[in-house]
Amino acid sequence: SEPQQPLVQQQVILTQRLLTNFSLDAAQASLTLPQIESGKALLRQLGNPTSRRLERNGKSYEVVERRFALIPQQSGTVTLGRTVFDGVVPDENATSHANDPLGRYFAFGEGLRSVRRFSKPFEISVAPQDPSFTGTYWLPATSVTLNASWDKPLDQLKAGEPVTLTAAIIAEGLTAEQLPALTVPAPVGIKAYTDQPNLKDQVQESGVIGVRQEKGVFIASGGGDFTIPEITLDWWNIKTGQQETAR
């Protein structure tokens, strides 16, 4: 796992790896997904399984990998139960077992045998929120940015004409559901109407990027100049170990 000692709500990248020194028949092999046995966390697979070759101790292995994003919901220990591999593999002792009266080694065809292998349970120690954080929402991430745009030029607006503001939070290492609502206070003389937020997760091999997009309609009752306050969001930079503010 990476990191090995995350903060609560910080994304952890888990890699599940299977090594074999023979070619696997996908139709005759299965590997269970990681399961959370204790603790509270969200678990999400990142992309599709990958395969590659690996040399270890002079032997060549086929490596099948699956990556997952785990987000602990509380501090303490999160325990992942053992994963199980079931498959049919070549029997290196096929000749000596040819006369096996029980047929234990030839149930799947000449020279084949079934195997089952287990991984060990896996524990992750989760630290609590950093006590120096002073923001309203605890957001441990690699990057958090805010952007906002209007649907028409602001210097051409007329009284009573609606204009739509689209604002979004983009957070690397957080899911969209972890992101708070954006509040844009309307100045005196402007009515504001908000729509339902659009939540979307972009899943990549490096992890999850959460996007929360919100739209608001502003209507000025009369002419004049109006100032919309800036939008800010405090978050925790896990790379620097410091609090930062997105604007």
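Q9 sits in the segment that precedes β1 (12-20). The structure is a predicted model, and its protein chain has 17 strands and zero helices. Two residues, Q9 and N57, are picked out below for their backbone angles: Q9 has a positive phi of about 70 degrees, and N57 has a positive phi of about 55 degrees.

**Overall fold**
- The protein chain has 247 residues, and 34% of them count as buried.
- Among contacts in the protein chain with a separation of 6 or more, 70% join residues 24 or more positions apart.

**Q9**
- Q9 is not a glycine, yet its phi is positive, at about 70 degrees.
- Q9 has a relative accessibility of 23%, so it counts as partly exposed; the cut-off for buried is under 20% and that for exposed is over 50%.

**N57**
- N57 is found in the loop that links β4 (41-56) and β5 (59-72).
- The phi of N57 is positive, at about 55 degrees, although N57 is not a glycine.
- N57 counts as exposed because its relative accessibility is 78%, and exposed means over 50%.

**The two positions side by side**
- Q9 lies in the segment before β1, while N57 lies in the loop between β4 and β5.
- Q9 counts as partly exposed, whereas N57 counts as exposed.

Conventions. Residues numbered from 1 in each chain as written. Predicted model: local features only at pLDDT ≥ 70, side-chain atom pairs only at ≥ 80, totals over all residues. Heavy atoms only, no water. Helix = DSSP H or I, 4+ residues; strand = E, 2+ residues; numbered from the N terminus. Buried < 20%, exposed > 50% of the residue type's maximum accessible area, 1.4 Å probe, protein only. Contact = heavy atoms within 4.5 Å.
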